[in-house]
Amino acid sequence: MLLLLLPGVDGAVRAQSKAGQADIVLGRTSFPVNDYFTISFRLRGAPLERYSPFPDIEGFKKSSKSSTTTTRIVGGQTSTELTITQRYAAYNEGEFELKPFSMTINGQVVQSAGGKLQVLAQQAAVPPPPAGGAVQGLGLLDKLFGKPKPQEYVEPHDNAFMALVPDKATVFVGEGVHVGLYFYLTPADQGLLSFYNFGGQLPEILRLLRQRTAWEEPFNEQEIVPETVVAGGKTYLRYRLYEAEYYPLNTQPLTFPEIPLQMVKYRVAKKPEAGLDNRMEGFKIYRTAARTITVKPLPPHPLRDQVPVGDYRLREAIDRTTFRTGKAFTYSFTVEGEGNLAALAAPVLPPLPAGVEVYGPDTELGVTRQGGRVGGAKRFTYRLIARRPGPLALDSLFSMVVFNPSTGRYDTLRAEVKPELKGAEKTVGTFSARPDDPFYQDVLESADNTLQARDAYSEVRRYANYILLVLGVLAVVGWWRSGRRSM
């Protein structure tokens with residue numbers, strides 16, 4: 001989102017404070033030239049507020065970044081972990097040194113000892129990483145040196161523009177649409193333009209982007225760095241100002257108005273003179289075009305207003321291969337794919353058959369945002385106890401109806417695991433007297449079953465206090481009389 005550059009940190013060393021717990025993880029140190037080296041940092045126990053830039057590595061070019069959010073709910077306790085990953089593309093094969101570096105995450109400094117990187121020969125016929133030097137950024141800080149002489153300035157033409165880009169023009173209710181707010185300029189315009197008070201303009205931009213009838217999942221990106229793209233046959237530097245995934249909650253269209261952004265634009269001297277800056281600072285407002293995204297209702301279905309929408313698939317897991325009656329086992333129902341996983345509810349269980357007990361679920365959510373797509377997995381973990389031998393048809397217990405917007409059809413994610421339980425039938429333990437036990441014959445059958453008052457124990461306590469008081473008085477009198485005799 002916003003560029004907030006601070007001093008930098010890594011590695012196996014962790015920092016923990018009120019801002020959460022942070023650590024840094026390095027990727028593989030030996031890899032082919034057509035693969036990426038990665039540096040990631042993980043943050044637990046607090047939302048991400050700011051972080052310093054990832055380090056530069058000699059012989060490598062920074063590539064794309066991705067973020068992953070993992071949420072775990074176990075025993076009613078929720079924990080969240082955010083991972084930001086920076087990819088690096090090597091220019092050539094060989095050995096390189098990753099020097100010790102540090103990053104600052106939410107004000108916490110984490111350090112890394114670095115290491116040796118081995119870049120191997122290309123192992124697969126895939127396109128190599130983008131060539132070329134590091135992309136130059138904006139943010140000109142030139143100042144006038146001394147009092148300028150009177151000059152005549154002109155405003156040159158620029159090829160910069162701002163755009164709001166959705167990846168779909170029409171979506172179903174509940175289907176995700178990625179919307180990115182980008183600023184484009186040609187490399188030749190870098191000396192003419194600079195960002196101006198973007199942090200102050202951001203709240204108004206977010207207000208204009210907000211949709212009252214959609215669930216918004218923003219991308220956890222803070223650094224605004226340029227990336228080289230080609231549009232209309234022309235090369236541009238593109239800056240990601242904001243991007244999010246929107247999930248419509250009803251059929252009301254998503255309407256985005258014009259989004260303004262004020263930039264610094266320099267006028268240049270008509271007759272440049274040596275020793276002068278030959279520029280004059282000015283301002284220019286760029287605006288996006290208004291956008292409307294049509295939202296279609298889901299096809300008729302009895303559960304149309306309840307089904308999750310997304311390109312989902314089921315992955316099952318079970319914690320053992322042999323099963324005994326009366327013994328608990330764990331079953332995981334994991335939904336993975338692209339969609340609004342945060343809003344995905346657990347499967348609705350039907351009435352349980354006799355002899356089957358189900359406990360849970362514990363929930364774990366992992367969301368990945370990368371390349372304009374939001375996906376991940378949500379796992380529901382159950383504990384089951386079956387008391388009757390034979391096959392246990394989990395497909396009759398665990399299923400979920402979903403709508404796939406890619407195919408326009410409803411699908412059912414249904415369990416396929418069918419554990420076979422062995423052993424004698426187990427019944428829930430109940431108390432029953434043994435007829436051959438004399439204790440139960442002689443005592444229980446003759447026991448008084450008269451109801452007792454609820455305050456019976458308080459009465460006993462009161463009488464006991466009276467007895468203790470009398471004994472105390474007798475002790476005092478005895479002590480006093482023995483003292484009189486001794487005199």
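Which side chain does the side chain of T85 join in a polar contact, and at what distance in Å?

Analyst: The partner is S40: a polar contact of 2.8 Å joins the side chains of T85 and S40. A polar contact here is a pair of N or O atoms within 3.5 Å; within protein, one must be able to donate a hydrogen and the other to accept it, and residues adjacent in sequence count only if both atoms are side-chain atoms.

Before going on, a word on what you're looking at. This is a predicted model, where local features need pLDDT of at least 70 and side-chain atom pairs count only at pLDDT 80 or more, while totals for chains, interfaces and linings use all residues. Residues are numbered from 1 along each chain as its sequence is written, and side-chain values use heavy atoms, with hydrogens and water left out.

Back to T85, which is found in strand β6 (residues 77–90). Strands (E, at least two residues) and helices (H or I, at least four) are DSSP runs, numbered from the N terminus. T85 has a relative accessible area of 15%, so it is buried; that word means under 20%, with exposed over 50% and partly exposed in between (1.4 Å probe, protein chains only). Leaving out residues up to four places away in sequence, T85 touches T38, I39, S40, S64, K65 and S66, a contact being heavy atoms within 4.5 Å.

Now the wider setting. The protein has 3 helices and 31 strands, and buried residues make up 39% of its 487 residues. Elsewhere, strand β10 (residues 115–120) runs parallel to strand β3 (residues 30–32), joined by 3 bridges, with S30 partnered by Q118. Strand β7 (residues 94–98) also pairs with β10, in the antiparallel sense over 5 bridges, and there F96 stands opposite L117. Pairing needs at least two DSSP bridges between the strands.

As for confidence, pLDDT (the predictor's confidence in each residue, from 0 to 100) averages 82 over the protein, and 82% of the residues score at least 70.
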